[in-house]
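Work through the exercises below with the model open. Try each task before reading its solution.

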Amino acid sequence: MRVLAPALLLALAASATACTSVAPWERGRLAKPQMALDPDPLQRALRDHVHASREAAAGGTIGAGGGCGCD
């Protein structure tokens, strides 16, 4: 028990230091383009177009099924 209490206290202290507030004008410096959900929207649109053309049915990108009826 003597070893567990200091280890738990150390883990709690280490995790509490990671929380901080960032001012709105500082967020631009911290944001990275590769962390975006869709870092390149033009390339994603092109991939969706190619996928829909190969799928031979509208809505093939959202899992609605294809022209073959296999979904």
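**Exercise 1.** How many helices and strands are there in the protein chain?

*Solution.* The model is predicted: local features need pLDDT of at least 70, side-chain atom pairs pLDDT 80 or more, while totals for chains use all residues. Residues are numbered from 1 along each chain, and side-chain values use heavy atoms, without hydrogens or water. Count DSSP runs: helices are H or I with at least four residues, strands E with at least two, numbered from the N terminus. The chain has three helices and zero strands. Along the sequence, the pattern reads α-α-α.

**Exercise 2.** Find the salt bridge in the structure.

*Solution.* Search for a side-chain nitrogen of Lys or Arg within 4 Å of a carboxyl oxygen of Asp or Glu. One salt bridge turns up. Asp48 pairs with Arg44; their closest N and O atoms lie 3.6 Å apart. Now place them. Both sit in helix 3 (residues 41-55), four residues apart, so about one helical turn separates them.

**Exercise 3.** Are Asp48 and Arg44 buried, partly exposed or exposed?

*Solution.* Apply the cut-offs: buried is under 20% relative accessible area, exposed over 50%, partly exposed in between (1.4 Å probe, protein chains only). Asp48, at 26%, is partly exposed. Arg44, at 43%, is partly exposed too. Of the 71 residues in the chain, 4% are buried.
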